[in-house]
Amino acid sequence: MDAPGSLSGTERACVMDIAGNDTIAVLHEVSGESELGVLLIVGGPQYRVGSHRQFVLLARALARSGYPVFRFDYRGIGDSEGDPRDFETIGADIEAAIDYFTSTAGVRRVVIWGLCDAASAALMYAYANDRVVALILANPWVHSPRTEAQARVRTYYMARLRNRDFWRKLVRGQLDLRDSVTSLANYAGRLVGLREERHRGRDDFIERMRTGLANFRGSVFLLLSGDDLVASEFRQRCEHDSAWRSLAAERIRDRRILKDANHTFSSAVWRAQVEQQAVDWLKRIEHDA
């Protein structure tokens, strides 16, 4: 089990069978009944606990507010058996987790909460399962050479030009301006060279995400960090890609930006904001249902 902490209700270790592999999960039960539960899926090389115990603490906060939560290690990750897999190939694992969650906790409607490429996986999967009624997407992963270059130029370098400390250090000769200019020129050159993306083989997942969003009929809540390149890339995609721009405006109406937060919302203040915003939004969609 995970390290002890502030508990709410019962936390129960579970073992699911996915294609003959034992996969490990934790079910956060609540004292009353709830038809709405949260499936927490993890991104990158993470397992069910998350960086700085992020997913443990989030799950407990949601459970304290009355929402059962299920978090698990998909095959090949953490304590689960099987060959390692990435976010593009975990659809069957998400399906199995929803089956187990709904049959064990009495949940009939599921909200998927995902960070980074777990949010991307949720977008690619959710439209195919009617039990998924909502998505909470934190800093979705849409990386490509073009959006990285855009994000770095428009977010990092433009921010530096607006920073007084940058100009103060420049005047005092405390900055190596040559390195900064060279770096900026490199990224600007990449933007010009990638005006028409030639990396479709590597970016197929982004099109699958867009298709998933277009076909998903549930509610979507987008949560972005203000100090995060991944979040900045997603904003660039939604603002400058015509196919994404109109779709995101139509389908992602609930959005929050935590101005100074990093990718994993690592401070207690940011974590509390994420938890409260998630609870408030869940209560709203539950009321509107």
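**Arg48 and its partner**

I started with Arg48, which forms a salt bridge with Asp79, the closest N and O atoms being 3.0 Å apart. I kept in mind that this is a predicted model. Where do the two sit? I found Arg48 in the loop between strand 3 and helix 1 and Asp79 in the loop between strand 4 and helix 2, so the pair ties together parts 31 residues apart in sequence. Is Arg48 buried or exposed? I read a relative accessible area of 5% for Arg48, so I put it down as buried, the limit being under 20%. Asp79 came out at 49%, so I noted it as partly exposed; exposed would need over 50%.

I looked up Arg108 next: its salt bridge is with Glu35, and the closest N and O atoms are 2.8 Å apart. Arg108 lies in the loop between helix 2 and strand 5, Glu35 in the loop between strand 2 and strand 3 (36-41), so I have parts 73 residues apart in sequence tied together here. Arg108 is exposed, at 57% relative accessible area, while Glu35 is partly exposed at 40%.

I also checked Asp99, which forms a salt bridge with Arg131; I noted 2.7 Å between the closest N and O atoms. Asp99 is in helix 2 and Arg131 in the loop between helix 3 and strand 6 (132-138), so this pair connects parts 32 residues apart in sequence. I have both ends as partly exposed: Asp99 at 36% relative accessibility, Arg131 at 24%.

**Thr23**

Leaving out residues up to four places away in sequence, I listed Cys14, Val15, Met16, Ile18, Asp73, Arg75 and Ser80 as what Thr23 touches. Thr23 has a relative accessible area of 0%, so I marked it buried.

**Aromatic pairs**

I got eight aromatic pairs for the structure. How do the rings of Phe55 and Trp113 meet? Their centres are 6.3 Å apart and their planes at 70°, so I called the pair edge-to-face, planes over 60 degrees apart being what that takes. Phe55 is in helix 1 (residues 54-64) and Trp113 in strand 5 (residues 109-115), 58 residues apart, and I noted that the pair links distant parts of the chain. I found Phe55 buried at 1% relative accessibility and Trp113 buried at 0%.

For Phe70 and Tyr100, I noted centres 5.7 Å apart and planes at 25°, so this pair is stacked. Phe70 belongs to strand 4 (residues 69-72) and Tyr100 to helix 2 (residues 91-105), so I have a tie between parts 30 residues apart in sequence. I have Phe70 as buried at 0%, but Tyr100 as partly exposed, with 24%. I also saw that Phe70, Phe72, Tyr74, Tyr100 and Phe101 form one aromatic cluster.

**Phe70 and the core**

Beyond four places in sequence, I found Phe70 in contact with residues including Cys14, Met16, Leu39, Ala97, Tyr100 and Phe101. Which members of the largest nonpolar core touch the most other members? I noted Leu39, Phe70, Ile112 and Trp113, out of 77 residues. Helix 3 (residues 117-125) gives the most to this core, and I wrote down seven residues for it.

Note on methods. Residues numbered from 1 in each chain as written. Predicted model: local features only at pLDDT ≥ 70, side-chain atom pairs only at ≥ 80, totals over all residues. Heavy atoms only, no water. Buried < 20%, exposed > 50% of the residue type's maximum accessible area, 1.4 Å probe, protein only. Contact = heavy atoms within 4.5 Å. Phe/Tyr/Trp six-rings, centres within 6.5 Å; stacked < 30°, edge-to-face > 60°. Helix = DSSP H or I, 4+ residues; strand = E, 2+ residues; numbered from the N terminus. Core = buried A, V, L, I, M, F, W, Y, C linked by side-chain atoms within 4.5 Å. Salt bridge = Lys/Arg side-chain N within 4 Å of Asp/Glu carboxyl O.
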